[in-house]
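Here are a few exercises to work through with the structure open beside you. Try each task yourself before reading its solution.

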Amino acid sequence: MRRSVSSLRRLPRVLVVVAASAAALAPPGDAAAFLWPNVPEQIARALTSGDVSERRLAATRVEELAPETAIRLIQKGMSDPDVEVRLHLAGAAVRFRMPRAGDLVIEWLGEGDARLRLAACDVIRAAPTDRSVVALGRVLGDPDPHVRLAAAAAMGAAGLPDAVSPLLGHLDDTAPEVRAEVVRALGRIGDTRAVVPLIGKVQDSVPEVRRATARALGELGDARAVSALILALQDASQDVRVEAVTALGRLRSDDATSAIADVVAASPGTLGAFAGSRPADSGTSSSDVREAALRALGRIGSDAAVRVLLAALAKDDPAAPRSAVRDALVSAGKQSATVAALIAVLAAAPSANTAAGAALVLGELKATGGLPAIVRGMQRGVVPLRHGLRALGALGDPAALPSVLELLGDADPSVRREAIRAATALLDPARPDGRAVDPARALLVDPATPPDEKLALVQLLGRTGSPRAQEVLLPLAKARSSPLRLAVIEALGAARAAGKLGASVDAALLEALDDESADVRLRAAVSLSRVAGPGSARALLQRLTVAAEQDRGALGIALSGALSRVPDDAKDGRDKGLAQDVAAAIASAPDAARDALIEGLGRMPGQAAGAALAGMAAAAPIDDRRKIAESLAGHAAHAGATAALRKLAGDADPGVRANAIWSLGAVGDKDALPLLAPLLKDPDAAVAGNAAGAIGRIAARAGQPARAAAALCGALSDARPYVRANALAGLTVARARCDGAAARDLLARDPAEAARLAAADHLAQGGDDADRRALARCASEDRNATVAMRCARAVPPRAPPTGAEDVVVFVVPFDAGRDGAARDAPAPRAPFALVRADGLMRLGVADRRGELFERGAPRGPIRLAVPAPLVK
């Protein structure tokens, strides 16, 4: 079955629309292949048959079995007299990541058939042990170079110091491919005994060996290699130069700064090389070498390195969204006095490019101390206005707002637009600030203001969070221009207004819910969900229960948000009993409205709403139970909610179990851990994956990392990728570690992208030398660009997300359906995998509207992954 290709589109704060391919929306039962109960017995019998063809066919089918059954059969069949049977079973052992499989194939290393020796190396590489790696030493002298190469790769993957001596003995192998793999293996092991022998290979006759040597010396991190790597900067191969300069950056040796500066100063195509050399046949250009040199200087971060980077700003394009020079200065700014140097540049008389670049770097560093220097540079004409404004917006300091507002009416359209963007970035509706209202209103009513700027000004007014801004916006809620009207409706939902003004905003948005345009209704519903007062909840409830089918989606979004702001248990008297009214409406509501009402109770504060949900849980139909299990995450204070979730965690339906377990992760205490640990082995991947995430969340709140490790370390060997990934993410959230190198092993060898991404985040938390080396290898060697970038950015570790927000997600097909028509509506009961900003992955099935509700998601990016049923 084809895997899904997915994308995300975030609407303001509350609503997230998720686009997934149609393949991702197949019900879980359709996605997984069905296996008759007697098939495992048939395969087991066939593997002991006297007919070799029958055994071969059975060996090809072992991968269809459950991991526990397959591993048992592999262990028995590894000694089969037939080579083909053993080769198939070896492939299955690698596929299942079979523990200690390497020990089972040690004898194969002496077999006459080279295929068996190769297969043994592959198995040991996937599951190394001390015995198996030592046994590989003699295979390094195998007559077949392919076997020697595989043996070296397996020894390097194991990372055991015992492999260093035999590998050093084969640095001069006659096959260059083997020499290169031996060098790479030594780099992976990280033993400094290899440094001096490797320095001699910097001048090997084959470029690929020299390239691998430069990389390995960087991984080993020994300053003795600096001189040899500086010499390699003049290599005939540009690939070797890139690796050499990258290695010098890893070594952070200021002694190499001068030589790296020469690389930066060289124009593309004129970099020095050995006399008489010719360019290597490679896709690497001189510009690639220069960018690598800039990155290296950023990592070195010394005063001399920063001076070289500042000088390079003169030839940099400040209009480019990204710049290798600026990125390098940002990297240097995190470890040295770069900020002071940037401020000093702005105080002098630099070129426009240099000044603009320095300002932009200060902005990206969030260096608020550079605010006066940027503003003075703009006033003196040193910093071009549009680049200075962009820097102020990135700086994020509200103190910059007056300087930005002064340029809101500038004669230059590019400056005006940048000023609007910067002012919008500096405002936060949660902290009302009316300073931008008057200048923005003046431009908004000016007939000369272009339409695109008016839309941006409306967004700016919404970001102020000021009641005066809403007074300006209200008359425009019925604007004839559809884009302007949509922008106004969205801006009205940016912040809640009090008193009569708030009631007027609610009324305008409620009226927009009746609009003929679906876009207007949806935008109004999102805004109402964010700002509607308690008084609007009852009106929305009535409309939801009597509305036509086409209106219920928007009304449900609006109602659930409005209910979240109803006073605790409706003690204001006027809305007393609202929770009971919502619960009563569920009984008679059509399917299209039931999920919205249940979700509303989940978001509604107070004991009454929690009691209503808990009371419905036992006798509700499956779809209701799924939504109830999800919604109970909003009632941590209600004892009955936790009790109901415990019962739902044992429900016959996996969708109910998955939601209940995830909600327990949000509201449960340490007493829930014994219930969750056995669920790591639940046959449904969504249930087991959510259990791993829930254990991590509870252990984090309870401050008990040891209990997280006790439960989750074993799950790192689970055959299901998302269970492994969430176990790693759970360990990271709980700040727990497993004994040994399990996470490093997953990063290096796990076939699943999700598991390697989670391993990168987990290793960044540890920060020891072995973890840093593993991340560096991943950044340079992983074939998945997403994983490689995550590894590259993992050190220093990213700060954990702060703050939380409620997020509504609709699962919408990205491609055409079976009938060829494009789909534009959410898919009911669609499987999903939602990755949060903290790395935890929520798995399950969307509700009858194609929606899921995530209570208290960490602020930050969220992304869609392939649903668990489609992941191999």
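**Exercise 1.** Which residue forms a salt bridge with Glu-599, and how far apart are the closest N and O atoms?

*Solution.* Start with the rule: a salt bridge is a side-chain nitrogen of Lys or Arg within 4 Å of a carboxyl oxygen of Asp or Glu. Glu-599 meets this rule with Lys-627, the closest N and O atoms being 3.1 Å apart. Helices here are DSSP runs of H or I with at least four residues, strands are runs of E with at least two, and both are numbered from the N terminus.

A note before you go on: this is a predicted model, in which local features need pLDDT of at least 70 and side-chain atom pairs count only at pLDDT 80 or more, while totals for chains, interfaces and linings use all residues. Residues are numbered from 1 along each chain as its sequence is written, and side-chain values use heavy atoms, with hydrogens and water left out.

**Exercise 2.** Find the salt bridge between Glu-851 and Lys-627, then follow the network it belongs to.

*Solution.* The closest N and O atoms of Glu-851 and Lys-627 are 3.4 Å apart. Glu-851 lies in strand β6 (residues 851-858) and Lys-627 in helix α37, so this pair ties together parts that are 224 residues apart in sequence. Through shared partners, salt bridges join Glu-599, Lys-627, Glu-630, Arg-836, Asp-838, Arg-842, Asp-847, Arg-849, Glu-851 and Glu-854 into one network. Finally, check burial: Glu-851 and Lys-627 are both buried, and Glu-599 is buried too. Buried means under 20% relative accessible area, exposed over 50%, and partly exposed in between (1.4 Å probe, protein chains only).

**Exercise 3.** Decide whether Asp-103 and Arg-100 are buried or exposed.

*Solution.* First, the pair itself: Asp-103 and Arg-100 form a salt bridge, with the closest N and O atoms 2.8 Å apart. Asp-103 counts as buried because its relative accessibility is 17%. Arg-100, at 54%, counts as exposed.

**Exercise 4.** Locate Gln-765 and find what its side chain reaches.

*Solution.* Look in helix α45 (residues 753-766), where Gln-765 lies. Gln-765 counts as buried because its relative accessibility is 19%. Its side chain reaches the backbone oxygen of Thr-732 at 2.7 Å.

Methods:
A polar contact is a pair of N or O atoms within 3.5 Å; within protein, one must be able to donate a hydrogen and the other to accept it, and residues adjacent in sequence count only if both atoms are side-chain atoms.
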